[in-house]
Amino acid sequence: MDEKVKHLEDGTTVEAKVNFATLYYMQKFNVEKLINRYEKKKNDEDGIELMARMLHVILLSNGRICTFEEALVLMPLDDEG
């Protein structure tokens, strides 16, 4: 599957791998609803929440235990790898 390494704000890296756990957590945390809301409004607040939720899902699906708030703090501030 597709993989990309992202550098988090705490200096660690995470491989953005999609697996069955990723899909499970996306469903569990209603990511599709966030995607639809962002597509309708296209505002920064919804975009930040969506990206933080996706980071949370990726971290959980790759075995790292964290809360949504911790994922929000770890989210890179720019779009560079």
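Predicted model: local features only at pLDDT ≥ 70, side-chain atom pairs only at ≥ 80, totals over all residues.
Local features were taken at pLDDT of at least 70 and side-chain atom pairs at pLDDT 80 or more, while totals for chains, interfaces and linings use all residues. Residues are numbered from 1 along each chain as its sequence is written, and side-chain values rest on heavy atoms, without hydrogens or water.

Three salt bridges are present in the structure. A salt bridge is a side-chain nitrogen of Lys or Arg within 4 Å of a carboxyl oxygen of Asp or Glu. Side chains of opposite charge can pair when their charged atoms come close.

R64 sits in the loop between α3 (44-61) and α4 (68-74), and D10 in the loop between β1 (5-7) and β2 (13-15), so the pair ties together parts 54 residues apart in sequence. Helices (H or I, at least four residues) and strands (E, at least two) are DSSP runs, numbered from the N terminus. R64 has a relative accessibility of 29% and counts as partly exposed. D10, at 40%, is also partly exposed. Here, buried means under 20% relative accessible area, exposed means over 50%, and partly exposed lies in between (1.4 Å probe, protein chains only).

R37 takes part in a salt bridge with D46, at 3.3 Å from N to O. D46 is buried, with a relative accessibility of 7%. R37 is partly exposed, at 30%. R37 also meets E49 in a salt bridge, at 2.7 Å from N to O. This pair links distant parts of the chain: E49 belongs to helix α3 and R37 to helix α2 (residues 31-41), twelve residues apart. E49 is partly exposed, with 30% relative accessibility. Through shared partners, the salt bridges join R37, D46 and E49 into one network.

A nonpolar patch lies on the surface. V18, F20 and L23 form this patch, and together they have about 340 Å² of accessible area. Patches consist of residues with over 30% relative accessible area and no salt bridge; like charges are joined within 9 Å, and nonpolar side chains (Val, Leu, Ile, Met, Phe, Trp, Tyr) within 5 Å. Accessible areas come from the Shrake-Rupley method with a 1.4 Å probe, and for residues only the protein chains shown count as cover. L23 is located in helix α1 (residues 20-28). L23 is partly exposed, at 47% relative accessible area.
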